[in-house]
Amino acid sequence: MNTVSAIQCYVIGMRFEPALKRIRQALAKRQLSIAGEYDIAGNLAQDTGEKPTPARLLLVDSPLLLFEALALDRAAGVFIPLHVLVSAGGDRTQVTCIEPAAAFEVRLPPGSAQPLEELRNCLASTLQSLTSDFGARRQKGSI
Amino acid sequence: MTDEPSTITYVVTEPFPQALRSVRKALSARDLRIGGELDVADRIRRRLLIGTAPCALLLVWPSAALEHTLGSDPVATAIAPLHVVVSGRGSRSEVHMLRPLPDGTHSVGWRALSALNQMQAEIGQSMEKIGMRVTLGA
């Protein structure tokens, strides 16, 4: 099971709101689109009485890769857009990318494997560039 | 890699607009929240100037009870909302959803995995009310 690449975690050395702004800019620069955005502050578990941790879920894709993935089988829409969880961690911001397709050892919808991989790689390099630019470490999710 | 598909498909014998309404209604009947909806075909048409068959992506959030369990696992929080894809094929429509995650999915804690699979079961049961599951041959 390919659980290593199912989760990618990045830590950006900036506070939440500036980091979120940088993420949006970096995605746009790489021609990646944010198809949807959700404020999920409070969804992440925390101690009773604590202020909800700022968190945002971004749905990221590229219209061209989306079209390519869906061309043969609309079921590919189950995996695109990709989910990017941005959450505050004090003076840093954690970014968690989930790729459910990578957690499977099963057959992806026809024609979707390549565009999904391309989208995943583009997103990974975009986020990696942010961690490099802002002096924070990158870590892979644990298995 | 096995030959088992990663998604489940239901066929609804209604054209797209009616099927979409039926899907929304069926999900709501099981207290599944539709947190967002993307008109995929329209998005492709506007951005790429390419016309495609109607297709919509519903973003289904867990119930309040399951949300608390999922919140204990950041990975599970990021997997939700689950995608339910509705696509039109003439006089009928197809609904696609993620197959339940296998037990050995160690990237997600077991409690969160159970909650996710419970959510998927709820979605599947709601789709059983309005459509027929497609079973592919071996």
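Tutor: A residue counts as buried when its relative accessible area is under 20%. The model discussed here is predicted.

Student: Why is B:Gln120 called buried?

Tutor: The relative accessible area of B:Gln120 is 2%. The cut-off is under 20%, and therefore B:Gln120 is classed as buried.

Student: In which element is B:Gln120 found?

Tutor: B:Gln120 belongs to helix α5 of chain B, which spans residues 110–128.

Student: Which residues does B:Gln120 touch, leaving aside those up to four places away in sequence?

Tutor: The residues are B:Leu82, B:Met97, B:Leu98, B:Arg99, B:Pro100 and B:Leu101. One of them, B:Pro100, lies 20 residues from B:Gln120 along the chain, and the C-alpha atoms of the two are separated by 6.3 Å.

Student: What makes the approach of the B:Gln120 side chain to the backbone oxygen of B:Arg99 a polar contact?

Tutor: The side chain of B:Gln120 reaches that backbone oxygen at 3.3 Å. A polar contact requires a pair of N or O atoms within 3.5 Å, one able to donate a hydrogen and the other to accept it.

Student: How much of chain B is buried, and which elements does the chain contain?

Tutor: Of the 138 residues in chain B, 52% are buried. The chain has five helices and six strands, in the order β-α-β-α-β-α-α-β-β-α-β from the N terminus. Its accessible surface comes to about 6600 Å², and carbon and sulfur atoms account for 53% of that area.

Student: Which residues are bridge partners of A:Gln94 in β5(A)?

Tutor: A:Val11 has A:Gln94 as its bridge partner, and A:Ser87 is likewise bridged to A:Gln94.

Student: Why is β5(A) described as mostly covered?

Tutor: Strand β5(A) comprises residues 92–98, and five of its seven residues are buried. Each of those five therefore has a relative accessible area under 20%.

Technical notes
Residues numbered from 1 in each chain as written. Chains lettered and ligands numbered in written order. Predicted model: local features only at pLDDT ≥ 70, side-chain atom pairs only at ≥ 80, totals over all residues. Heavy atoms only, no water. Buried < 20%, exposed > 50% of the residue type's maximum accessible area, 1.4 Å probe, protein only. Helix = DSSP H or I, 4+ residues; strand = E, 2+ residues; numbered from the N terminus. Pairing = 2+ DSSP bridges. Contact = heavy atoms within 4.5 Å. Areas by Shrake-Rupley, 256 points an atom, 1.4 Å probe, with all protein chains shown as cover.
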